[in-house]
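Subject: Structure handover

Hi,

Here is the structure for your files. My notes follow below it.

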Amino acid sequence: MPQMGLWLKRLAPQGLLGRSLLIIVMPLVVLQLVSAYVFYGSHWETVAKRLAKGLAGDIGYIIESMRAFPGVPERGVILAIAANKMELDTRFLPDAILPNQPKGAPSSFLERALAEALDERVQRPYRIDAETLEREVVIRVQLSDGMLEVFAPKKRLFSSTTYVFILWMLGTAMLLFGIATLFMRNQVRSVRKLAVAADRFGKGQDVADFKPEGAREVRQAAQAFNLMRQRIQRQIQQRTEMLAGVSHDLRTPLTRMKLQLAIMGDMDGRAELDEDVAEMERMVEGYLAFARGEGSEQPEQVDLRALVDEVVTRFRRQGSVIDLHHEGEIVMPLRPDSLARALGNLIGNASRYAGHVWVRVGRRAEAAEVLIDDDGPGIPPDRREEVFKPFTRLEVSRNLATGGVGLGLTIARDIVRTHGGDVVLEDSPLGGLRARVRLPL
């Protein structure tokens, strides 16, 4: 049973439109099957039997009339009446005998109904031939002095309501399916627009033109999304304004401290104080950069290969040994300054703690990947997620004296995730650490 459930789950449509149509189509299919069963099991069978009994009764009447009036003139009158009033072309073949062969099983439901009717109302040896002629059924009945041959139109055994019913049933089903598809597509379009707007907002793109539409529930979800977007934007604006004030308040005393140190000239402990002030400036800049983020930058079409090349060139000028390989042009919407900063943090970490760095850029399925490998000490697997937390610094695998304030990887992952991607740390085939940056195309 679990395997059957998994199999049915794989066969089920994955999209909302497909599943909604399946919910509509399945009752229609069940209705069609039930209607067909009821029609063929009762109505059609009843009508076919009645038509067959009517034809067999006419043949029985002709035989009994010929038996009551055995004369040749009377026989001609009876056969003429059968042709005019019963639409039966009848012929009497004197001294003829039916072929001495078994009747065989009826090949269709109509033949079976006609055979049962002839057994009931004629009660004489007979043969049915429904294959030789296209529009007529030939019925041969053995009489005592010859053989009666009856050519009956097939329409006397077949009701045209069968085709009418099937066409009506299929036509109605197709019409309802088309109407349902049209309405469901409009509803699903609203859901898709909401999903696209949420995805764009999550990547920091502007969705000011988004308007609620669709069913009431979808409009409610869209209105909730708009309210959430406004609240988040308001919070970001308030945070930015607060950080501007914090930046001014913190930098002002630091500037005064630097001026005071410069005026004091050479004195014992000044070098340590200069280092402390410089460290405080770096920490303040790191904190503000992390809190401020890069939300104000708008995405634009950028060649990822060229962007990575610029970042690598900057580190090479600083003396880092970096091997760069790219597979070709990859143009996609990016925030170049933000992504350059994220890649700079990753490549900078690799260059700081390793002797050689390898950078690879390529396209993988529906995403672009940047691989940054180094031959450094690496990071223990159980701490690779921990280093992405703000202000986390390793004391074993990284040199604490040369490290920053513990925000480089946090900022890098935050920037990449605003692009819809992610950053993961893995074992490098070169013995150190691999940073895998994946960006959806």
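How many helices and strands are there in the protein chain? There are 10 helices and 11 strands. Both are DSSP runs numbered from the N terminus: helices are H or I with at least four residues, strands are E with at least two.

Conventions first. This is a predicted model, where local features need pLDDT of at least 70 and side-chain atom pairs count only at pLDDT 80 or more, while totals for chains, interfaces and linings use all residues. Residues are numbered from 1 along each chain as its sequence is written, and side-chain values use heavy atoms, with hydrogens and water left out.

Overall numbers. The protein chain has 441 residues, and 36% of them are buried (under 20% relative accessible area; exposed is over 50%, partly exposed in between; 1.4 Å probe, protein chains only). Contact means heavy atoms within 4.5 Å. Of the contacts between residues at least 6 apart in sequence, 64% join residues at least 24 apart.

Cores. A nonpolar core is a set of buried Ala, Val, Leu, Ile, Met, Phe, Trp, Tyr and Cys residues joined through side-chain atoms within 4.5 Å. The largest one has 39 residues. Leu304, Val308, Val359 and Val370 touch the most other members. H9 supplies the largest share of this core, seven residues. Another core, of 29 residues, lies apart from it; Ala52, Val137, Ile139 and Val150 are among its members.

Val308 deserves a line of its own. Not counting residues up to four places away in sequence, Val308 touches Leu324, Leu343, Val359, Val361 and Val370.

Helix packing. H9 (residues 336-353) packs against H10 (residues 408-418) at about 140 degrees, with the axes 9 Å apart. Axes are lines fitted to C-alpha atoms over the stretch in contact, and angles run from 0 to 180 degrees between N-to-C directions. On the H9 side, the contact includes Leu339, Ala342 and Leu346. On the H10 side, it includes Leu409, Ile411 and Ile415.

Two single residues. Leaving aside neighbours within four places in sequence, Ser190 is in contact with Glu213, Gly214 and Val218. Val77 lies in helix H3 (residues 72-85). Val77 has a relative accessible area of 48%, so it is partly exposed. Val77 and Met66 are 11 residues apart in sequence and 9.7 Å apart in space, C-alpha to C-alpha.

Best regards
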